[in-house]
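Welcome! Have a look at it first, and then we will go through a few spots together.

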Amino acid sequence: MKGEYKTLNDTNLESRVLFFGKESCLPNYSFTGNNVRQNYVIHYIIKGKGTFTSANHSVTQLKAGDIFILPKGVPCFYQADSEEPWSYFWIGLSGLKISTMLSGSILSSQHYLHQVQNSKFYASLQKLYEALHNPNSLTNDILIESLIYQTFYYLDTEYPAKLRKIRVESSVQLKMAIKYLHDNFDDHNCSITSLCHKLDISRSYLYNIFKHELNTSPQKFLIQIRMEEAKNRLKNTSSSVQQISNLVGYIDEFTFSKAFKRYTGFSPKIYRQMNKKSED
């Protein structure tokens, strides 16, 4: 076989290209490495044909002009044809927004698309692949990032997912987000950023889910969990304010006290005194 492979150094957490390459496969060639990827790898078939399947999907025949994706965390198998082995180029993508942008297309669930060669999506993908070969520069970095978003824009508009699937997915993600915050609010490392990394979604997407379903932001929801727990402990335990601040995810008493006063209108000590008096 002959081809190319290159990795990139990019610190953009929202969306970035990790690597790209091109391969002209031998007959019956199949990738024998780890087929459960930690990122997303889009393949465009330049010529030839082969077979592709992913977990819980049947085997499909693909040919020149088709696209397939190796989704993050999903086992996949793909093999070149015995008589007309395929050639393809691939782009490996990662970042908080990739999963969100991909979810807007049927490619997210089907994992392949037929005959995209005349689409704006493919034209943009081809431009992105070409730009990755340019020398490193600030202007080319800007070009690459803009082409990533343009590519997913055309993917989502030309090959959209069914709306019902998106609603179901957002509902599931909201439940997962709520569970994560309830399970981890006592850890000072628990934050909206860590939640986004956990779910592999962007902050803006997460914000929209919370605002639409709960009419609040993820940050306010996390603060509410911490403050309600703090109120309960101030009323029903003899733990010090410092201890309570640590138990609800704050490193120091001062930061906790400021947050508590913003939430309740009272300092933790005054709140405890008021509630003790009301019980007497």
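Leaving aside neighbours within four places in sequence, which residues is S119 in contact with (heavy atoms within 4.5 Å)? They are E158 and Y159.

This is a predicted model, in which local features need pLDDT of at least 70 and side-chain atom pairs count only at pLDDT 80 or more, while totals for chains, interfaces and linings use all residues. Residues are numbered from 1 along each chain as its sequence is written, and side-chain values use heavy atoms, leaving out hydrogens and water.

**Around S119**
- You can find S119 in the loop between strand 9 (112–113) and helix 3 (120–131); helices (H or I, at least four residues) and strands (E, at least two) are DSSP runs, numbered from the N terminus.
- The S119 side chain reaches the backbone oxygen of V116 at 2.6 Å.

**Inside strand 8**
- Eight of the eight residues of strand 8 (residues 87–94) are buried, so this strand is largely enclosed by the rest of the structure.
- From strand 8, S87, F89, I91 and L93 point one way, Y88, W90, G92 and S94 point the other way, and all are buried.

**Partners of strand 8**
- Strand 2 (residues 16–24) runs antiparallel to strand 8, joined to it by eight bridges; two strands pair if DSSP finds at least two bridges between them.
- G21 has W90 in strand 8 as its bridge partner.
- Strand 3 (residues 40–47) also pairs with strand 8 in the antiparallel sense, over seven bridges.
- Opposite K47 stands S87 in strand 8.

Terms used. A polar contact is a pair of N or O atoms within 3.5 Å; within protein, one must be able to donate a hydrogen and the other to accept it, and residues adjacent in sequence count only if both atoms are side-chain atoms. Contact means heavy atoms within 4.5 Å. Buried means under 20% relative accessible area, exposed over 50%, partly exposed in between (1.4 Å probe, protein chains only).
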